Amino acid sequence: MPTNLLRLMLALMLLPFLWAAAGAQAVSFPELNSPLPDRSDITYLDLAKMVIPDLAADKDGFYKGGLPIDMRHIAGGDDGGSPPETTSLPNAAVLPIKAGGKDRLAMLFDLGDSPDSAEGYAVLALYDVTAKPKLLDAANVAVDRSTYFREPNKLSIGTGDDVLISMSTHFNSNQGYVSTLLILPREDRLQLVDTINTFDENVCAYKRTQDLAFLTLDDGKPYAAIKVTATDATVPSGESCDEAAPEAASHDISVTYHWDKKTSHYVKDSDAFEKLSAENAKRF
């Protein structure tokens, strides 16, 4: 089955989850040719073309174009692959946010597979649409095959600031791989806080999941602390299987990120998530 069709099928499977998130967290999936709220002079397509300059509608209602503008990977360095030479989009995920006390708009475009990487290519774009629309920053935030805003997709870390939460994922018959990115829009530039890798299994004898929960804590700093807790839970299936079922178990793994004024970055209080990722890799 073609990769693009598989990607579309996965997106359709996740739409009910994403729409549910939209009601709580203001993510929407507007038609690209529709105008912005209270802005009859600008459409989402106008914003998208700041990222993919030749993007245009085809006869089937998809939006197709060539290469996006040059951009870095959010993780920096040599991370990430090249963008696909052609792009086909049904829509984009749109999220109004606060950054530096100002209204900003984030749009997430999953462009598909990278030609030279196992990861996909997904653009997170940050806009100022309060006057003449302006693209402030854009970065590739894909660290796996398919990329979305997570639920929750933003956390308030102050009166006028949010942290964005995206996820990249892929699945096989009984395993799910999820990488969650915390991204801080600061001074109109996207800054990676951390990448958290989790792993789910669903086999005959048991199901093991690693779910994340997010909490902000006022620690008296310009940006609130962010506590992320991974609940690693194993539940026996009760089925008759070739392998022995493990005992039911559940434990929490937490990391708290505090704003460090000296480095102008969030700093985590432990390497617990790196250890979890290393342990998970042994089960792949």
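Colleague: Is Cys-204 buried, partly exposed or exposed?

Modeller: This is a predicted model, and the answer rests on computed accessibility. The relative accessible area of Cys-204 is 41%. Buried means under 20% and exposed means over 50%. Cys-204 is therefore partly exposed.

Colleague: Which residue forms a disulfide with Cys-204?

Modeller: The structure holds one disulfide. Its sulfur atoms are 1.9 Å apart, and a disulfide requires them to be within 2.5 Å. The partner of Cys-204 is Cys-241.

Colleague: How many residues apart in sequence are the parts that the pair Cys-204 and Cys-241 ties together?

Modeller: Cys-204 sits in the loop between E14 and E15, while Cys-241 sits in the loop between E16 and E17. The pair therefore links parts whose separation in sequence is 37 residues.

Colleague: Is the disulfide of Cys-204 and Cys-241 left-handed or right-handed?

Modeller: The torsion about its S-S bond is about -80 degrees. The disulfide is therefore left-handed.

Colleague: Which strands do the buried residues of H3 pack against?

Modeller: Helix H3 covers residues 272-281, and its buried residues are Ala-272, Phe-273, Leu-276 and Asn-280. They span an arc of only 95 degrees around the axis, which puts them on the same side of H3. The strands they pack against are E14 (189-202), E15 (206-217), E16 (225-236) and E17 (249-260).

Colleague: What kind of aromatic pair do Trp-259 and Tyr-266 form?

Modeller: The structure holds four aromatic pairs. For Trp-259 and Tyr-266, the centres are 5.4 Å apart and the angle between the planes is 75 degrees. Planes over 60 degrees apart count as edge-to-face. The pair is therefore edge-to-face.

Colleague: Which are the edge strands of the open sheet of five strands?

Modeller: The strand order is E5-E10-E9-E8-E7, with mixed pairing. An edge strand here pairs on one side only. The edge strands are E5 (72-73) and E7 (93-99).

Colleague: What is the bridge partner of Asp-128 in E10?

Modeller: Strand E9 (residues 120-128) and strand E10 (residues 134-140) run antiparallel and are joined by six bridges. In E10, the partner of Asp-128 is Lys-134.

Colleague: Which residue's backbone oxygen does the side chain of Ser-34 reach?

Modeller: Ser-34 lies in the loop between helix H1 (3-25) and strand E1 (35-36). Its side chain comes to 2.5 Å from a backbone oxygen, that of Glu-31.

Methods. Residues numbered from 1 in each chain as written. Predicted model: local features only at pLDDT ≥ 70, side-chain atom pairs only at ≥ 80, totals over all residues. Heavy atoms only, no water. Buried < 20%, exposed > 50% of the residue type's maximum accessible area, 1.4 Å probe, protein only. Helix = DSSP H or I, 4+ residues; strand = E, 2+ residues; numbered from the N terminus. Arc of directions from axis to C-beta. Contact = heavy atoms within 4.5 Å. Pairing = 2+ DSSP bridges. Polar contact = N/O pair within 3.5 Å; in protein donor to acceptor, adjacent residues only side chain to side chain. Phe/Tyr/Trp six-rings, centres within 6.5 Å; stacked < 30°, edge-to-face > 60°.
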